[in-house]
Amino acid sequence: GSGPSARFTAMVLNQGGCGLHGIAYTDIRQVQVFSCPSIARDRAVAIMAHEFAHQLEQDRYGPAHLSSDLILSEGTATWAAGKYWLGDAPNFRAYVQAQRKAGSYYPLATDYNGLGIGAMNTLYYEWASFVEFLVNTYGREQFDQLYVSGGGAIGAANYEGVYGKPLAALQQEWLAWIDSA
């Protein structure tokens with residue numbers, strides 16, 4: 001819903017070990033993707049789109065972006081990069097519904113550190129779907145209030161203050177929304 005406030009630098013760098021990952025240094029307006037020639041270009045583009053979205057978050061929310069709830073910052077970046085992440089799925093709701101049917105699910109406030117790349121990917125898709133749910137159900141204005149409510153940790157935003165419900169209750173609404181598609 002908003003564009004960049006100024007130019008930023010995007011870099012694709014060769015990764016010696018041929019890993020694929022990205023990082024956004026939004027305060028200095030630089031996004032980077034690390035890849036190598038044997039990784040499919042569309043995968044690197046998907047990561048770059050995600051990192052671009054982090055810069056757009058910085059431009060929309062200002063310094064509050066740097067201390068946002070990880071569910072919201074990573075979920076928004078993945079949601080905004082949707083067409084690059086979704087494959088044949090029409091939206092994140094459908095994507096996560098298929099993930100859940102395949103037995104892949106984590107509670108939203110799960111810290112993926114130490115769980116491996118599969119868990120991180122599952123959570124990024126879930127978080128994108130949760131963002132999709134919040135924006136579609138409650139509107140962008142309330143979502144923006146939530147995003148800047150801080151917390152800095154997974155699940156630490158002021159869900160109750162903004163929506164009148166704790167994260168656990170919103171998670172149950174989101175799961176019902178997923179399952180009703």
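# Reading bridges, bonds and faces

Reader: Let me start with Asp144, at 18% relative accessibility: does that count as buried or exposed?

Author: Buried means under 20%, so at 18% Asp144 counts as buried. Keep in mind that this is a predicted model.

Reader: Which side chains does Asp144 meet in salt bridges?

Author: The general idea is a Lys or Arg nitrogen within 4 Å of an Asp or Glu carboxyl oxygen. Here, one partner of Asp144 is Arg60, at 2.7 Å from N to O. Asp144 sits in helix H6 (residues 140–147) and Arg60 in helix H1, so this pair ties together parts 84 residues apart in sequence. Arg60 itself is partly exposed, at 30%.

Reader: And where does Arg140 lie relative to Asp144?

Author: Both are in helix H6, four residues apart, which is about one turn of the helix. Shared partners join Arg60, Arg140 and Asp144 into one network.

Reader: How many salt bridges are there by this rule?

Author: Five. Another one pairs Arg29 with Asp59, whose closest N and O atoms are 2.6 Å apart. That pair links distant parts of the chain, with Arg29 in the loop between E2 and E3 and Asp59 in helix H1, 30 residues apart. Arg29 counts as buried, at 16% relative accessibility.

Reader: What about disulfides: how many does a search of the whole structure find?

Author: First the idea: a disulfide is a covalent bond between the sulfur atoms of two cysteines. The search turns up one, and it joins Cys18 to Cys36, with 1.6 Å from S to S. Cys18 is in the loop between strands E1 and E2, while Cys36 is in the loop between strand E3 and helix H1, so the bond ties together parts that are 18 residues apart in sequence. Cys18 is partly exposed, at 28%, whereas Cys36 is buried, at 11%.

Reader: Which residues make the nonpolar surface patch?

Author: Ile23, Tyr25 and Ile28 do, covering about 270 Å². Ile28 is in the loop between E2 and E3 and is exposed, with a relative accessible area of 56%.

Reader: Last one: which residues of H8 are buried?

Author: Leu167, Leu170, Gln171, Trp174, Leu175, Trp177 and Ile178. Look down the axis of H8 and these buried residues fall within an arc of 160°, so they line one face of the helix. You can check the helix length as well: at 1.5 Å a residue, the 13 residues of H8 should span 18 Å, and the end C-alpha atoms are 18 Å apart, which agrees.

Terms used
Residues numbered from 1 in each chain as written. Predicted model: local features only at pLDDT ≥ 70, side-chain atom pairs only at ≥ 80, totals over all residues. Heavy atoms only, no water. Disulfide = S-S within 2.5 Å. Helix = DSSP H or I, 4+ residues; strand = E, 2+ residues; numbered from the N terminus. Buried < 20%, exposed > 50% of the residue type's maximum accessible area, 1.4 Å probe, protein only. Patch = residues over 30% accessible without salt bridge, like charges linked within 9 Å, V, L, I, M, F, W, Y side chains within 5 Å. Areas by Shrake-Rupley, 256 points an atom, 1.4 Å probe, with all protein chains shown as cover. Expected span 1.5 Å × (residues − 1). Arc of directions from axis to C-beta.
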